[in-house]
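My notebook is open and I am ready to look things up.

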Amino acid sequence: MTRPTREATADPIALPNTPLADAVINLIRPVETPSVFNHSIRSYLFARLVAGHLGLAAGHDYQDDLLFAACAMHDVGLASDGSHRQRFEVEGADRAAELLIQQGTSTADADQVWQAIALHTSPGIAERRGTLCVLVREGVALDFGGSASTDHLDAITDEQADALHTAYPRLDMIRSLTDAIVAQAAKDPKNAPRYTTPGELLRERQTFGRTRLEHAYRSSRWGN
């Protein structure tokens, strides 16, 4: 698929046309499943729509490059070439920050992305850590068919959602992502502490064969 470039902010599937965005794509595309890759890109596109709904302007209230980097790499801790020695959120945050520093991003900005990725499964904490963390959590949650704060799902029009899903199809995302999280969690007890997202998904799969996440989102707005 040819990656669309940003020609106008009104284009719902436009991506940042920058060296950093290119480096992020080059990192994640070869090591994520197509389903997880598409989920990561849609999370950014949803997050940007949420930003507009909240009246937040790129370049003023948040940096679009950092939002793209954080959303696109939020699941890179599940990558096929990863070390898989800690919970996937932290592993992904470390890898993302390393890439950003290599690309000349400041330590402070790399740390913002680190926090947004590490905390994207931590409701009640991410929302207290700044605009980038909020937007990443909202973008990810919206791709599951629901919003972390439940305030923004209706802000996404059917036309916008159709454009995102046509460009980046879902490909049974819920099952595919859950499979990846469970597989990573099962490799080392440190990857799956109790009461964390990977820990609970692993235990539910082992106990019931299916997670509550998979069950709940079958009836979400997007269905899978």
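Which side chain of opposite charge is nearest to Glu32, and how far away is it? I looked it up: it is Arg95, 8.0 Å away. For a salt bridge, a side-chain nitrogen of Lys or Arg must be within 4 Å of a carboxyl oxygen of Asp or Glu.

A note on what I am reading: this is a predicted model, where local features need pLDDT of at least 70, side-chain atom pairs count only at pLDDT 80 or more, and totals for chains, interfaces and linings use all residues. Residues are numbered from 1 along each chain as its sequence is written, and side-chain values use heavy atoms, leaving out hydrogens and water.

Next I checked where Glu32 sits: in the loop between helix 1 (19-28) and helix 2 (34-53). Helices here are DSSP runs of H or I with at least four residues, numbered from the N terminus. Leaving aside residues up to four places away in sequence, Glu32 touches Phe37, Ser40, Ala72, Asp75 and Val76. Contact means heavy atoms within 4.5 Å.

Then I turned to helix 1. Seven of its ten residues are buried, so helix 1 is largely enclosed by the rest of the structure. I wrote down Leu20, Ala21, Ala23, Val24, Ile25, Leu27 and Ile28 as the buried ones. These buried residues pack against helix 2, helix 3 (64-72) and helix 4 (88-102).

Methods:
Helices (H or I, at least four residues) and strands (E, at least two) are DSSP runs, numbered from the N terminus. Buried means under 20% relative accessible area, exposed over 50%, partly exposed in between (1.4 Å probe, protein chains only). Lys and Arg count as positive and Asp and Glu as negative; His and the chain ends are not counted.
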